[in-house]
Amino acid sequence: MNEYQKGKGQEPNRKSEGPETALRSLAHHPAEAGPMQLRLRTTMAEEGSGCPVPRLPWASIQRVALPLFILAGVIAVVYCLSCQRPAQPRPLESPGWDMAELQLNHTGRRRDGRLRWLGDPALGRSFLHGLELDNGQLRVRRSGIYRLHIQVTLANCSSSPWATTRHRATLTVGICSPAAHSISLLRLNFHEGCVVTSQRLTPLAQGDTLCTNLTLPLLPSPNADETFFGVQWVHP
């Protein structure tokens, strides 16, 4: 009876035992540990470690990672397409950018041997692009290799008074300015004919002025189909 009362009197004390007392009891009697005691041991171990186990917010990570993954895929596709696209050839500088086709500026009696030219679409097939005229003489604005062509037809060529003069008449094309570049580029003789025509390639520097001269007192035909002068840039 005393043992029963003693044991019975100890039940309230066991219920009032704290977690630490229960763990000590489990340590001395591990065989008596049940599910509740094991859960208590785990809880105490987590509380005693002082390092909370982080839980990853998978939903937040997915919300951030999914758009980044899609964006990376789009960038990869665009990059692959750009690599497969054939390289566009670099536009070459047009060889006909600087060119001129001039017709004679005929104003009557000639005072010197120099021929003067006009370049204007309003005159017909005449034009001036990338070059300039200075007192009827063609000036180059860009250095390079140019193709020159010229044709001059004498006016009233069939009349007898011009027969002797025509025999020794010449047409010359050359650089007349600046003086340091002065040189003859073309020299054509009429001989017994009434027309001279020629062309050639020649290097010209920026600022070079081309002059054409016809032996006096011969007159060139003002007809644009018979007398014309042109240049075209073909290479740097």
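Author: The protein chain has five helices and twelve strands, where helices (H or I, at least four residues) and strands (E, at least two) are DSSP runs numbered from the N terminus. This is a predicted model, in which local features need pLDDT of at least 70 and side-chain atom pairs count only at pLDDT 80 or more, while totals for chains, interfaces and linings use all residues. Residues are numbered from 1 along each chain as its sequence is written, and side-chain values use heavy atoms, with hydrogens and water left out.

The patch itself is made by L66, F69, I70, V74 and V78 and covers about 520 Å²; L66 lies in helix α4 (residues 58–84). Patch residues have over 30% relative accessible area and no salt bridge, like charges being joined within 9 Å and nonpolar side chains (Val, Leu, Ile, Met, Phe, Trp, Tyr) within 5 Å. A salt bridge is a side-chain nitrogen of Lys or Arg within 4 Å of a carboxyl oxygen of Asp or Glu. Accessible areas come from the Shrake-Rupley method with a 1.4 Å probe, and for residues only the protein chains shown count as cover.

As for the whole, the protein chain exposes about 16,500 Å², of which carbon and sulfur atoms supply 57%. Its mean pLDDT (the predictor's confidence in each residue, from 0 to 100) is 77, and 64% of its residues reach 70 or more.
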